[in-house]
Amino acid sequence: MSESDENGRSAGGDSAAGAADEQVKVLDSSFFFLDIPIAGTKFAVPPSVVAEMKDLRSKSKLDAMLEDGRLFVSEASPSTRKRVVAASKKSGDYGVISETDCDVVALALEIGGIVVTDDFALSNTAQTLGLTVIPVQMRRAKKRQWKYRCTGCLKFCDAPGVCDVCGSEIMRIK
């Protein structure tokens with residue numbers, strides 16, 4: 001078995017399957033709300049995911065993983081988080097992705113991890129950055145580039161908001 005650096009990345013020599021097994025899986029909150037096992041021995045979450053664990057079941061699952069050493073809590077740098085926000089704007093998920101979702105993607109990007117989530121906006125943003133995404137329970141989300149269109153004059157726009165032509169709301173469309 002090869003050695004890993006302090007970020008959990010493999011030092012080399014593993015097969016693709018072996019490397020994926022050894023990669024740190026960065027967990028979204030949805031993982032803790034479901035009773036579905038996931039393969040692996042190295043997991044990470046940002047502090048914002050820990051803060052979302054309010055009910056006894058999800059908090060117990062998180063605490064058990066922390067206690068047995070499979071899970072660690074870490075926060076990505078502000079510069080990495082800015083890259084995630086830029087990617088969410090590029091993918092069209094900026095108005096939909098939460099702060100916690102950005103933290104999950106940023107942590108995965110910074111440590112070279114795999115994102116585990118059922119959130120489509122989070123998944124789409126992660127894929128825009130070239131990250132691997134594993135769904136918790138739902139089908140794997142396909143990468144999508146969203147478009148924005150005025151609900152009044154039907155003009156295509158760059159972002160959600162108010163149309164500069166007619167003043168109507170700009171909505172995200174497929």
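Student: What does the secondary structure of the chain come to?
Tutor: Seven helices and nine strands. Those are DSSP runs, numbered from the N terminus: helices are H or I with at least four residues, strands are E with at least two. The model is predicted: local features need pLDDT of at least 70, side-chain atom pairs count only at pLDDT 80 or more, and totals for chains, interfaces and linings use all residues. Residues are numbered from 1 along each chain as its sequence is written, and side-chain values use heavy atoms, with hydrogens and water left out.

Student: How much of the chain counts as buried?
Tutor: Of its 174 residues, 36%. Buried means under 20% relative accessible area, exposed over 50%, and partly exposed in between (1.4 Å probe, protein chains only).

Student: Now H4. Which residues are buried there?
Tutor: Ser-58, Leu-62 and Met-65. They sit on the same side of H4, because they cover an arc of only 65 degrees around the axis. That arc is taken from the directions from the helix axis to the C-beta atoms.

Student: Why would such spacing work?
Tutor: An α-helix has 3.6 residues a turn, so residues three or four places apart point the same way.

Student: And which exposed residues are on the face turned away?
Tutor: Leu-56, Arg-57 and Glu-67.

Student: What covers the buried side?
Tutor: The cover includes strands S1 (25-27), S2 (43-45) and S3 (71-73), plus H2 and helix H3 (47-52). Contact here means heavy atoms within 4.5 Å.

Student: What span should H4 have?
Tutor: 16 Å for its twelve residues, 56-67, at 1.5 Å a residue. The expected span is 1.5 Å times one less than the number of residues. The end C-alpha atoms are 16 Å apart, which agrees. Gly-69 follows H4, with a positive phi near 85 degrees.

Student: Switching to Ser-29. Buried or exposed?
Tutor: Ser-29 is buried, because its relative accessibility is 4%. Ser-29 lies in H2, residues 29-33.

Student: What does its side chain make a polar contact with?
Tutor: The side chain of Glu-52, at 2.3 Å. A polar contact is a pair of N or O atoms within 3.5 Å; within protein, one must be able to donate a hydrogen and the other to accept it, and residues adjacent in sequence count only if both atoms are side-chain atoms. Beyond neighbours within four places in sequence, Ser-29 also touches Val-49, Met-53 and Thr-100.

Student: Last topic: the open sheet. What order?
Tutor: S7-S6-S9-S8, four strands with antiparallel pairing. S7 (156-157) and S8 (161-162) are the edge strands, each pairing on one side only. Two strands pair if DSSP finds at least two bridges between them.

Student: How many bridges for S6 and S9?
Tutor: Four, between residues 147-150 and 169-173. Cys-150 has Ile-170 in S9 as its bridge partner.
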